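Okay, everyone, thanks for coming. Have a look at the structure on the screen, and then I'll walk you through a few parts of it.

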Amino acid sequence: MFTMQWRPLPWLLLILCALPCLCLLQQRAYAAAPLAADLVQDNQAINFRQQKFTEFFVELQDKHHFSGAELRAIFTGLTIDRRVLILMDRQGEAKPYYEYFPMFITNAIIQTGRAKLAEQRFLLDRIERRFGVDREVVVAIWGIETRYGANQGSYDVLRTLTTLFDAYPRRAQFFRRELIHFLLLCRETGIDPRQVKGSYAGAFGQTQFMPSSFRKYAVSFDGDRKRDVWNSTADVLASIANYLKHFGWVLDAPVYAELGSVLNSSQLLATEQQGRRGRVAASVVEQAQQRRLPPVPGNKGLSIVGLELAPGAAAEKRYVAGYPNFHAITEWNHSNRYAMAVSELAEALAR
């Protein structure tokens with residue numbers, strides 16, 4: 001008897017040997033892929049004769065009843081703002097948490113936030129009763145988004161959204177929708193679309209709402225029936241609360257719970273890897289981590305969030321369990337780091 005030994009054919013050997021080289025070439029190709037900003041020049045004229053713009057204008061005319069004259073007045077002369085494309089690929093949420101949270105949680109921001117809580121206490125009483133959202137979280141979002149209204153952005157929102165629709169392929173359809181919402185809200189509110197300033201992503205006002213969020217969640221809370229997220233503090237804070245209420249915020253309920261520096265089960269590790277959409281039962285977390293957690297409203301699932309610690313710390317990460325209120329914040333901004341910064345700033349304001 002003899003044992004057959006596997007002997008690869010010469011052509012197969014060539015393929016196997018070539019695979020590492022192919023992978024390396026592929027990695028280099030990805031690394032060398034140009035960013036959106038690399039493909040345009042600043043102030044480059046936008047080509048409105050492209051098919052995507054032809055279809056866009058037809059939809060605005062046929063479905064939303066804009067006239068050709070109105071569209072020409074709005075879009076004529078618009079050019080690419082290359083800076084917004086650069087910034088879209090350098091967003092702060094990509095930073096590790098130890099670099100991210102100091103951008104928003106400082107002594108000055110905390111002290112100003114506490115002053116705002118005192119100054120607006122009667123308004124915040126009304127908002128808590130009406131919307132059932134904790135005042136510290138409302139004020140924390142206000143502080144993180146615009147430094148309590150002091151920094152609402154200096155980018156031309158119309159130009160920004162048109163640039164991103166035209167020259168940011170990865171999310172072009174999202175910004176196409178937002179551009180339509182922007183034109184509709186300007187018509188509904190009587191605002192000149194060429195006069196609105198905001199962020200490099202097209203968000204505006206003290207709330208930094210995207211246009212679709214403004215149309216769905218902005219409210220008037222100062223008695224004039226006009227939704228003013230630029231100048232009315234009542235409208236700003238009530239609109240933030242209304243957004244969180246829509247996504248299930250529960251007044252006085254936990255936002256997160258500490259889990260330590262190590263996850264003791266593969267299920268928890270897998271849930272963390274799933275990001276903001278990952279969920280696991282509280283009982284599984286308690287058993288794995290050997291700690292009692294606060295009750296979860298509605299007995300809903302928890303997310304597992306890993307927060308990077310600075311180099312030299314005793315551990316690489318600090319882990320927390322995100323509660324339904326935490327998940328409501330991630331509907332505002334999809335970053336777990338953002339939600340944690342809001343949560344910790346709110347805690348600092350409450351102290």
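Predicted model: local features only at pLDDT ≥ 70, side-chain atom pairs only at ≥ 80, totals over all residues.

So, which residues of β4 are buried on one side, and which on the other? On one side we have Ser303, Val305 and Leu307, and on the other Ile304, Gly306 and Glu308, so both faces are covered, where buried means under 20% relative accessible area, exposed over 50% and partly exposed in between, with a 1.4 Å probe and protein chains only. In a regular strand the side chains alternate between the two faces of the sheet.

Residues are numbered from 1 along each chain as its sequence is written, and side-chain values use heavy atoms, with hydrogens and water left out.

Back to the sheet. Strands here are DSSP E runs of at least two residues, helices are H or I runs of at least four, both numbered from the N terminus, and two strands pair if DSSP finds at least two bridges between them. Four bridges join β3 to β5, residues 317–322, and six join β4 to β5. Look at tyrosine 319 in β5: glycine 260 stands opposite this tyrosine, and tyrosine 319 is also the bridge partner of glycine 306.

Next, α6, residues 107–119. Its buried residues are Ile109, Ile110, Gly113, Lys116 and Leu117. They cover an arc of only 125° around the axis, going by the directions from the axis to the C-beta atoms, which puts them on the same side of α6. They pack against α7, α8 and α16. Facing away are the exposed Asn107, Ala108 and Glu119.

Last, the cores: sets of buried Ala, Val, Leu, Ile, Met, Phe, Trp, Tyr and Cys residues joined through side-chain atoms within 4.5 Å. The largest has 96 residues, and Leu183 is among those with the most contacts inside it. Helix α16 gives the largest share, nine residues. A second, separate core of 15 residues includes Ala257 and Leu293.

Terms used. Expected span 1.5 Å × (residues − 1). Contact = heavy atoms within 4.5 Å.
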